[in-house]
Amino acid sequence: MIGALTGDYVGSIYEFNNTRDANFPLIEKGKEITDDSVCTIAVADAILSGISYGEALHEVCLRHPHPMGAYGSGFFSWLHSRKPMPYNSCGNGSAMRVSPVGWAFEKEEVVLAEAEKSAECTHNHPEGIKGAKATAHAVWFLRHYKNDLEGFKRLMSEYYPDWENFKKDFDSFNSLCQNTVPLCIQEVVRGTSYEETLRNTILRGGDTDTNGAVVGAMAGARWGVPSSLWQAAYQTLDEDLRMIVDKFLRKYQVVG
Ligand SMILES: [Mg+2]
C-alpha cells in the first residue's frame, strides 16, 4: 500500500507528459499523489471502518473532488450520481486501489473475496474484477513468499496466461486492467529493487501514475519502499488522508 501511494506520486507528473529520461528524479517538486492514492486510501478506510467499499469511495473521494490527474469520467459520474450503480468498467482503477486488501487480510480466499467486493461496486466487468484480484493476490503472495519468484510467475499465469508476451509501445496510452496488470507483472519479475522496478515501469510510458501505483503495490510487498521516497509521497497527503493511512499502517503493520 505504501508502495502504491509512492508509485502514484513518482509517476504523477508523467501521466500526460511521458518521459524517456532514464535518470528522471524519483522525488521532484510538482509531484503529488493523485486520484489513485485517494481511491486506495478509501479502500483502506472501508476495511478500517467496516462500511462498504462503495460508501467509503464516496466519502473519501467526495472530500477530494479534484485530485491531480482527475478521476476517470466513468468514476466521476458514479461519484456524483444520485443512485450509483456499477458501470461494467475494466479500467485499471480496480487494480490501482486494491492494495490495502492484500495487506489487511491473512487468508488467501478472504483476500480474493474482498478484492472482488472492492472492485464490483464500480468495475464489475470480468476483467475489472480479475485485475483487482490479481493485484491483491500478488501483494498477498509477495509479502508472504518474496523469494518465490517462480511461484509468483505461476500464480500470475492463472490470471494472465500470456503475461510474459504482453507488449506496449511507449506512445500507446491504455488504462485497462488487462494492459496495466500484465505490464506490472513483467516489471516486478525482471526488477531487482523497488526503485528500479518503478523507474522501468514509468519509462514504458502511458498511464504512468496508475502503472506506478499497481507496480508499486507489488514491488512494495516484495522489497519494501525506501523511507525517503515514501516520506516524499506522504508529505503530499492532506491531513484526513494521513489519518487514515497512519491508522491502517499501524493496525496491519504495513511495511511495503
Ligand atoms: Mg491518477
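Biologist: Helices α1 (residues 2-11) and α13 (residues 227-234) have axes that come within 9 Å and cross at roughly 70°. Why are α1 and α13 called roughly perpendicular to each other?

Modeller: Let me first state that this is a predicted model, in which local features need pLDDT of at least 70 and side-chain atom pairs count only at pLDDT 80 or more, while totals for chains, interfaces and linings use all residues. Residues are numbered from 1 along each chain as its sequence is written. Angles from 65 to 115 degrees count as roughly perpendicular, under 35 as roughly parallel, over 145 as roughly antiparallel, and the rest as oblique. The axes of α1 and α13 cross at roughly 70°, and the two helices are therefore roughly perpendicular.

Biologist: Which residues of α1 and α13 meet?

Modeller: Ile 2, Leu 5, Thr 6 and Tyr 9 in α1 meet Leu 229, Trp 230, Ala 232 and Ala 233 in α13. Contact requires C-beta atoms, placed from the backbone, to lie within 7 Å of each other.

Biologist: What makes α1 a mostly covered helix?

Modeller: A residue is buried if 20 or more other C-beta atoms lie within 10 Å of its own, exposed if 12 or fewer, and partly exposed in between. In α1, 10 of its 10 residues are buried, among them Gly 3, Asp 8 and Val 10. The buried residues of α1 pack against α2, α5, α6, α11 (194-202), α12 (208-223) and α13.

Biologist: Why is Asn 88 called exposed, and what is the class of Ala 70?

Modeller: Asn 88 has 12 other C-beta atoms within 10 Å, and is exposed. Ala 70 has 13 such atoms within 10 Å, and is partly exposed. Asn 88 lies in the loop between α4 and α5, and Ala 70 in the loop between α3 and α4 (73-80). Phi is positive in each of these residues other than glycine: near 60° for Asn 88 and near 70° for Ala 70.

Biologist: What makes Pro 86 partly exposed, and which residues does Pro 86 contact beyond its neighbours within four places in sequence?

Modeller: Pro 86 has 15 C-beta neighbours inside 10 Å and counts as partly exposed. Pro 86 is found in the loop between α4 and α5. Leaving aside neighbours within four places, its contacts are Glu 120, Cys 121, Thr 122 and Asn 124.

Biologist: Ala 119 is one of the buried residues of α7. How do you know that the buried residues of α7 line one face of the helix?

Modeller: The buried residues are Val 111, Glu 114, Ala 115, Ser 118 and Ala 119. Seen down the axis of α7, they fall within an arc of 135°, so they line one face. What covers them includes α2 (35-49), α3 (53-63), α5 (93-96), α6 (99-104) and α8 (126-144).

Biologist: How do you know that the radius of gyration of the protein agrees with that of a compact globule?

Modeller: A compact globule of 256 residues would have a radius of gyration near 18 Å, and the protein has 16 Å, which agrees. The rule is 2.2 Å times the number of residues to the power 0.38, and the radius is taken over C-alpha atoms. The C-alpha trace spans about 45 × 40 × 35 Å along its principal axes, and buried residues make up 50% of the protein.

Definitions and conventions
Helix = DSSP H or I, 4+ residues; strand = E, 2+ residues; numbered from the N terminus. Arc of directions from axis to C-beta. Contact = placed C-beta atoms within 7 Å. Axes fitted to C-alpha atoms, helices over the stretch in contact; angles between N-to-C directions.
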